[in-house]
2 protein chains.
Amino acid sequence: MAPNAARLWYRHEHMARIGATGRGGVCRLALTPEDTAGRALLLSWTSRLGLTAEMDPIGNLFIRREGREPGALPVWTGSHLDTQPTGGKYDGIYGVLAGLEVLESFAERGIVTRRPIELVVWTDEEGVRFQPTTMGSGVHAGAVRLEDALAARDPDGATAAEALAAQVAALPGVRSRPLGAPAHAYVEAHIEQGPVLEAAGRTIGAVTGIQGLRQFAVTVAGEEAHAGTTPASRRKDAFAAAHRIVAALHRLVEDPSETTRFTIGRFTAAPGSPNTVPGRVEFTIDLRHPDLATLDRLTEGIAETCRRMAPPCTADLLPLLDSSPVAFDRAMVERVRAAARRVGYEPLDLLSGATHDAKFMAALCPTAMIFIPCRGGISHNEAEAVEPDHLAAGAEVLAEVLRELAEE
Amino acid sequence: MAPNAARLWYRHEHMARIGATGRGGVCRLALTPEDTAGRALLLSWTSRLGLTAEMDPIGNLFIRREGREPGALPVWTGSHLDTQPTGGKYDGIYGVLAGLEVLESFAERGIVTRRPIELVVWTDEEGVRFQPTTMGSGVHAGAVRLEDALAARDPDGATAAEALAAQVAALPGVRSRPLGAPAHAYVEAHIEQGPVLEAAGRTIGAVTGIQGLRQFAVTVAGEEAHAGTTPASRRKDAFAAAHRIVAALHRLVEDPSETTRFTIGRFTAAPGSPNTVPGRVEFTIDLRHPDLATLDRLTEGIAETCRRMAPPCTADLLPLLDSSPVAFDRAMVERVRAAARRVGYEPLDLLSGATHDAKFMAALCPTAMIFIPCRGGISHNEAEAVEPDHLAAGAEVLAEVLRELAEE
C-alpha cells in the first residue's frame, strides 16, 4: 500500500517553515511558541481527517483513529516535532508525519483496523530548552517524575510547567487524558542519524535496540577575581578547574574502537567577563555505550574525576538522564524485516546510536523502530537531508507493520 | 585638608544601591539603564554644587568646576561608574566619588583654583556588555576608533551607539562636547585590586605604571553533529578543538614567577545542546605582563597555537585590545609620594596589575594614580571591601595633588 510520496514530502517542507533558521534548518525547541505552532499545523491536518486529539499532563499529544473495536488496546506510532537549536527537517518530524501518512492512506482506502491506532507526538525529545532529553516519554514510562519534569527550568528561569500551560491554552481543541495510557505495541519511524544505511546502500533499517545513554550536568564553583591582579596560585579559577576535569575525562573515555560516545555540548563560564576570573562554570556530559557495565564504570570514573581534579574549586555532578541499553522485542524486529521484504526492500539490522522515545516504550509494550538513511549520516545539523523516495519507503513499511499489529 | 569621610562612605553605599546584586555586590554594566541611573545620581550631587556637565561622542562625562582662569587647561580627575556583572562598590566608583569629594570640600572652604578642575566619568571601563575594556578612554586617546566603538554589539545584538543614544536621551541636562579635549594633567584614585598594600600595612600606593594588557576573542568553527551517532574521528567538534587550544595555551603561558597573567573569562559553546556536538565555540583571552617583548612573544605564540591545534576545525583570532605597558611621568609619581607624606602616610611604590583609563591618559598628559588597599586584594567580586578610613585618606592625598596641579 504505497503512501502519497509527494504529500509526505510537502508536509516536511511545510512543517520546516515553522522555526526555519534561514540556513535550511529548523529551530523549534520544545514548549516554545514554535513548538505550539508545529503541533497546531499537525492538528489542522488531522482534524480534516476527523481525528480527535488528547494531551497528557506532560504534554504528550495523542491523535486517535478509531478501530472496529474501540475497547481494544490501541497500536501507537509517532515520534517528536521539537528540534535542536540548529536542527533539521526530519529528526523526529519524520516519525510523526509518516504515521499521519499511514492514517490518511488508510482513510483514503476505507481501511478500518480492529484496534484503534494512535499517533503520538512526544514532548521535548531533544531536551534543549528543558532537560532531560526524551522528557515526555520518560514521564509516560515513569522513568522521570512528572513533578521533576514540570519543575525543569530553562536558562531564563521559566519552568516547563509554565511553558506547557501556555501551549495547552493555545491548543483549545485538545482534551486532556491521564498519564500512562496503555498501548498494544509501539512502532517509531526515524532517520538513522548515522552513516550505516547509506554506506551499505540499503533503504530500510530494522533497529535491534538502542545504546545506553547517560547525561550529567557539572557545576564547577570557584571564586571571581581580577584578571590583572590575581596570580594563578591565588586563584580559584572555575574555568581552569573545568578545563582540568575535561582533560581527565577525555583520557578516561578514550576508546580506540570508537564505541564510546562522549560529548560536551553545553559549556558556559560565569560571570562571562573577559577580565574577571570565572567563579562558576556549568557544562553537560553526554555519554553513550551499548554495554551497561562500561557505562557504569565510566560513570564512576566521571564522578571520581570531578572530585579529584576540581580543587581548589568544587565540582558538583548532577545526573540528568540514565537510559540503559535497550534490546527491542525480537518478534517486533522480525515484523519490520518481514514487512520491508514484502514491499521490496532488503532490511539491514542496526543498533541505534541516537536515543529515541522508543527506548522508554520498550519497557511497556512490544516496540520496534524503522530507520531510513540520511545523507552523510549528518543529523542535529541544519544540513540534515533525505531522499524523498526514502521517506515514502519507510512509511510504506510502517503501514504494513501497523496494519498487521492493529488487526491482532 | 581632610575630606568628609562620612559623606564619602555614604555616597559609595548610595551609589551601590543602583544595580545591587543582593549579595553585597553591584551589576551596573556600561550603557545600561543602571549605568544611566548611576550617572544621574552623580549629576544630582554635582548640580547641587552648581557644576556643569558635558558628554563627548563616546559618552565620557565631564563635570567642570571653573577656575580663576577659565581659559587655562583643566586638571582632570576621575575614573568610571560601570561595574563587572558581579562587581563591587569601589572599583572605579571610588575614583569618581573621591574626585567629587575634593571638589565639594574645595567649595566648602571657598577654595578656587587657578585652573578649572574636571571630574571625568569614563564610558565602559569594564568592557563587559561592549568590548573592548577601557572603551571610553581608548576612544578619547585615539587608540580605539569612535566608529568601531559605537558599532560594538552586546550578546543580544544591540550596538553601543543605540545604548549610548538611550543614555544621552535620559540625561537631558548634559551638553555635548567634541572628542579629545586637552587636559593639563590627570590623576586617578583607585582601589589597588591586589594584596600588596594590605600585606605591607600601607594606606597609600604611588602607582609607577601599568602592566601591558592584550585581549583577544577566539572563534572556533566546526560542524554540528549528533552526539549519539557520530564517532570522534568523524567529528569536527568545536568544543574539543577549543579544549586542545586552551591546553596548549596553558603550556605556552606557564610562568613559575607568576608574572604572566592569563585568563579565559568568557567561554560558550553553541548551539549549547547537551546532545549535539558543538559547531562553534567563542572564548576570550586576557593576557598581561609588564614587559612588552614578552607580550609580543606570547601574542605570536597564541596565534600559532590557534593555527596548530584547531584542525579539523578552524580558529579565528581577533585582537580586542592592545595596551602596552605604561610608565607614569616620574614627576607626577613624586607629587603623589610627597603629598602622601605631607598628610601623614608613607607611600608605597606599586605597578598596577589591573588596567585603568589612566593608561590612555598617560600618552596625552602628565598622569598619576593613587591606590588605596582593598580587603584581601579581592576585586571583580561582590565581596570587594575597603576601610572607610582608607577612602578618606586617598581623597585627602588626591586633594593635595589636584590643588597643587591646578595652581600651576
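Which exposed residues does the face of α9(A) turned away from its buried side carry? I looked, and found A:Ala293, A:Arg297, A:Glu300 and A:Arg307 there; exposed means over 50% relative accessible area, buried under 20%, with partly exposed in between (1.4 Å probe, protein chains only).

**Ground rules.** I am working with a predicted model, where local features need pLDDT of at least 70, side-chain atom pairs count only at pLDDT 80 or more, and totals for chains, interfaces and linings use all residues. Residues are numbered from 1 along each chain as its sequence is written, chains are lettered from A and ligands numbered from 1 in the order in which they are written, and side-chain values use heavy atoms, with hydrogens and water left out.

**Helix α9 of chain A.** I noted that this helix takes in residues 292-309, 18 residues in total. Helices (H or I, at least four residues) and strands (E, at least two) are DSSP runs, numbered from the N terminus. From first C-alpha to last, α9 of chain A reaches 26 Å, close to the 26 Å expected at 1.5 Å a residue; the expected span is 1.5 Å times one less than the number of residues.

Next I listed the buried residues of α9(A): A:Thr294, A:Leu295, A:Leu298, A:Thr299, A:Gly301, A:Ile302, A:Thr305, A:Cys306 and A:Met309. Their arc around the axis is only 165 degrees, which puts them on the same side of α9(A); the arc is taken from the directions from the helix axis to the C-beta atoms. They pack against β8 (212-221), α8 (238-253), β13 (280-289) and β14 (314-323) of chain A.

**A residue in β13.** I then picked A:Thr284, which sits in strand β13 of chain A. A:Thr284 counts as buried because its relative accessibility is 4%. Leaving out residues up to four places away in sequence, its contacts (heavy atoms within 4.5 Å) include A:Phe216, A:Arg266 and, from the other chain, B:Pro274.

**Where the chains meet.** B:Pro274 came up again here: with B:His226 and B:His243 it supplies 14% of the area that chain B buries against chain A, more than any other three residues. About 4,900 Å² is buried between the chains, 50% of it from carbon and sulfur atoms; this is accessible area (1.4 Å probe) lost on putting the two parts together, summed over both. I found 60 residues of chain B in contact with 60 of chain A.
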